[in-house]
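This report describes selected features of the structure shown below. It covers core packing, a helix pair and local backbone geometry.

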Amino acid sequence: MQPILADRCFHCHGPDAKNQQSEFRMDGQENLFADLGGYAAIVPGNLKESELHARIHSVNNHDVMPPPDSNRELSAEEKRILDLWIEQGAAYQQHWAFKLPQRASIPADAIRQAGWSDDTKEVWLRNPIDAFVGRRLRKEKLVPSSPAEPEVQLRRAALTLTGMLPPETLQERFLANPTEEAYHRAVDELLASTNYAERQTLRWLDAARYADTDGYQIDTERTNWPWRDWVIQVMHANMPFDQFTIEQLAGDMLPEATDSQRLATAFNRNHRQNAEAGALAEEFGVENVIDRVETTSTVWLGLTMGCCRCHDHKYDPISQREFYQFYGYFNNIGESGIGRGVNANPVLKTTSPLAKVDATVIAAREKAKKQLQEAEAGLPIRRAAWLSAYRPPNDEVAATWTLAEIESVNLSGDGRLTVNRDQTVQYSPGEKGTSISQEFVLNAASDSITAIKLTALVDPSFAGPRRLAPSVNGNFVLTDLSLMYDGRPVPLDSASATFEQSGFPVANIIDQDLNSGWAVFGSGVKAEPVSAIVGLAYPATIENGTPLVLHLRYGSQYANHVIGKLRIELSDDPEAGRQSLQNKHAVALSALTKPADQRTSPENEAIAAYYQTLDQPLRRAEEAFAKADAVYRDQAGKEVRVMVMREKQGDPTPIYLLDRGQYDEPVKDDPLTRGLPEQLFSSDDSHQPANRLELAQWIVTRRNPLTARVIVNRLWQDHFGQGLVKTVDDFGLQGDMPSHPELLDWLAIEFIDSGWDLQAMHRLIVTSATYRQSSVHTATLNERDPENRLLARGPRFRADGFTIRDIALQASGLLNETIGGSSVKPYQPKGLWETVAGSAGTRYEEGMGDELYRKSMYTYWKRAVNPPRQTIFDAGGREVCSVRTSRTNTPLQALVLMNDKTFIECARNLAQRVMKSNATTDHARIGEMFRLSTARAVDEETQTILMENLSFFRQHFSQLPTEVASLLEVGASPRDSSVDPTELAAMTAVAHLIMNLDAFVTIE
């Protein structure tokens, strides 16, 4: 009944008070039975006296319900159901999803009493899932399908658990003895693999709307990928789902939270981030919080709470007020709402949690860190003694500088670097002039270095007004400077310049942020040299014959914004390093000239910061930690900035209902408190979570009727192509009813009782007889149950684009199985990024070497231009949270499989792999290519067709040698010259045909 009322009646007579067309409501039994002035909508058991019956059957356009202008109409069957409901007393129950799940008894007797064969009953009595499914099949007078062949069962389990074909060694072991115990061992092996962890992470990326860019028009790069690696790590460790939930929603609020727990909270900072000029911080701060509300409610609660932003929910019992009470859990992190993601505080500087670091290195770093903390603890006493003895310095003596001797230079990017006789360096531009990196190997004249100075010199050949670079205006943008000695980074402390462009301070060159930089343009500038001085954190000791290596990076999107003529100088003078500190600590130096009792609090803070640059115990501890940290970073990798949650200290941010959902229309005369929708509580006296941590903890308690159901339903979708509730993202009144309600509830309770064990639930599903049935269609099933909702056959659905590309790489032998790390850029049609780029100079820089063959989950995800291959195969756009799997079959998908460079290259490598194997006959080679591509033996009919195609392609390519070369040149991987090219081309064409077969792209 509820779906009929929700879809046909609630739009005008439902929970949304602002949208009701009259005072009459139908979302409660009390309203339906109420006296409406001598009549009632429903008189239980009496059709004749029930106004609802009269209205739905009326032929008068003024009386009939729903009215003609509502664009809603009741079918004859729906009217019959409504009448039957009235006759039976019009019982009105709470929506099933809002009631706590109950563990039903396993209906094993339904299987024992079935008229099935003894073997079938024995198989269907092993797993509780099958008892529930079997009982429904008996009710529908259907029988289960026979078990699928062992190789089909193993392939199916591998693809739905890991997104990959089963490893060859596992196939061999299992098929040699395909017993029940062997299947269970195979499933355990798949669950223990990193492929499983990566596949489950991929599913979570869609839910978390993970991307490598900020979105909106500018769509700049962000570096949240360490969070992706965190998910891989915890999926591999099988972290309990309740802990997984709490750490992602509120890891920062846990007692003594670790960096790992803080990193986990990036889940709710994966939203889009607007850095456009003119964007309003208040507006997009609201948008970010609303995104968190919508994502959290979809992922864990299966509710469409976003519908309540502007008004009460039209169908579900959730009010606009309750929406903003829920909103209050996520609006207290002190974010600005705008700006690039890498700078959108709160952020955490971290690296991949998957990085493997030696225990001794970790211990050495921890020891140095403890010594640094001890040095910091003693700062106040040492600072007080220094202040009592402080005397302002006399006039400063100018620091001395020595021209660096340049041993060699190296350029990455187009153009040319030349060292002139006077040891200046000249940059001559190439065609693009973007993404330029320069390396200078320097010989120091001294045995110590305290600072380095760069001077951009004027060259008349450059454009005005600056004439410092070969750009259109003579300006440059230096985005990063780093110094290496003996293979390790030299810590840099400060930077100052003779000129800085507004918004492009020189400090940007040492902030390790490639999206910022130092530039020198501005109003009234002229052609004159500019210098930057970078002070080292501590003097670097230089040994004879060991050079310094200076790296400069120019990452501007604008062409040729590179210093055209550069002079590099070094100094061992302590004053040289301090010279760059003068601007940084000007407030402190000025305050030190005042009596102590006349200094303000900000001035005292500035003095404390300045003293830290002078304190020798601290500097020694910092130097020791920097060295230990450098060794650690060699193994752990470079730190990047990840957007995370961090609860603001002090009074929480006020919560107001936003009128019509508008950011600038808060209803301030009615402040709200944090809270959950009333319908989610099992009793009136339930304690409302006070903060985000308590919310996260409530979400994974038994008192929550939704989360366990929602998650096991999505697990079911992973393995069967659709959930027990088809609308996996909507468990509300507009969502579908479960096909097997008692099974869904039993699984939900089992999930909780297992300790929220994800692997246990996957194992339970894929070892069920229901899952392991043959997926062969029959005329009877196609007519009775075309969508397989009754589960009388095994799952059969097209694999997603990630899996299809990955198994092609796997079959070809090209797959790069590196786990984790930053995203990569495989092949992509040229010009896509440029077409929609928000700024000039945006280019897709295709990866190199093994990067091209990483798993698809690591493909760089630009929100403005999603990876086209995945888009064509129905991937979500990751603008917002997505948990529902979409599948279409389109001509574009066929064109991708036939023409995409990846699949042609994979076909060539598969053919080459088989031609160099022990398979020496055509028959054996085709069989081996089919097996490597599908993890199944080729049947006789398919083998015959493929053999005929091989003969055709041999003749074709023998007559057209130019096409041979054209085909074999596709892709960056090298071709084995020892293999006959014509034969390889023919075999490649057959391999390519196999990769276009239904058997290749379908999970069945």
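Which residues touch the most other members of the largest nonpolar core?

## Nonpolar cores

The model is predicted. Its largest nonpolar core holds 146 residues, and those touching the most other members are Trp204, Trp227 and Leu747. When residues up to four places away in sequence are not counted, Trp204 touches Trp227, Val231, Phe241, Phe244, Gln248, Phe267, Val299, Trp300 and Arg714.

In soluble globular proteins, nonpolar side chains tend to be buried together.

## Surroundings of Val299

Val299, one of the residues touched by Trp204, belongs to helix H16, which spans residues 281-301. Its relative accessible area is 0%, so Val299 is buried, the criterion being a value under 20%.

Apart from neighbours within four places in sequence, the contacts of Val299 are Trp204, Ala207, Phe267, Val710, Ile711, Arg714, Cys881 and Val883.

## Helices H26 and H28

Two packed helices are described by the angle between their axes and the distance between the axes. For helix H26 (residues 707-720) and helix H28 (residues 758-766), the axes come within 10 Å and the crossing angle is roughly 45°. The two helices are therefore oblique to each other, and the crossing of H26 with H28 is right-handed.

On the H26 side, the contact is formed by Ile711, Val712, Leu715, Trp716, Asp718, His719 and Phe720. H28 contributes Leu758, Met761, His762, Ile765 and Val766. By class, the residues of this contact comprise nine nonpolar, two polar and one charged.

## Local backbone geometry

Most residues other than glycine have a negative phi, and most peptide bonds are trans. A cis peptide bond links Met65 to Pro66, with omega about -5°; Pro66 sits in the loop between helix H4 (51-57) and helix H5 (76-87). The bond from Asn345 to Pro346 is also cis, with omega near 0°, and Pro346 is located in the loop between helix H17 (320-327) and strand E1 (347-350).

Glu256 has a positive phi, near 50°, and lies in the loop between helix H14 (241-250) and helix H15 (259-264). Its relative accessibility is 78%, so Glu256 counts as exposed. Asn788 has a positive phi near 60° and is placed in the loop between helix H29 (779-784) and strand E17 (797-798). With a relative accessible area of 8%, Asn788 is buried.

Key: Residues are numbered from 1 along each chain as its sequence is written. This is a predicted model: local features need pLDDT of at least 70, side-chain atom pairs count only at pLDDT 80 or more; totals for chains, interfaces and linings use all residues. Side-chain values use heavy atoms; hydrogens and water are left out. Axes are lines fitted to C-alpha atoms, for helices over the stretch in contact, and angles run from 0 to 180 degrees between N-to-C directions. Helices (H or I, at least four residues) and strands (E, at least two) are DSSP runs, numbered from the N terminus. Angles under 35 degrees count as roughly parallel, over 145 as roughly antiparallel, 65 to 115 as roughly perpendicular and the rest as oblique. A crossing is left-handed if the near helix is turned anticlockwise from the far one by less than a right angle, and right-handed if clockwise. Contact means heavy atoms within 4.5 Å. Ala, Val, Leu, Ile, Met, Phe, Trp, Tyr, Cys and Pro count as nonpolar, Asp, Glu, Lys and Arg as charged, and the others, Gly among them, as polar. A nonpolar core is a set of buried Ala, Val, Leu, Ile, Met, Phe, Trp, Tyr and Cys residues joined through side-chain atoms within 4.5 Å. Buried means under 20% relative accessible area, exposed over 50%, partly exposed in between (1.4 Å probe, protein chains only).
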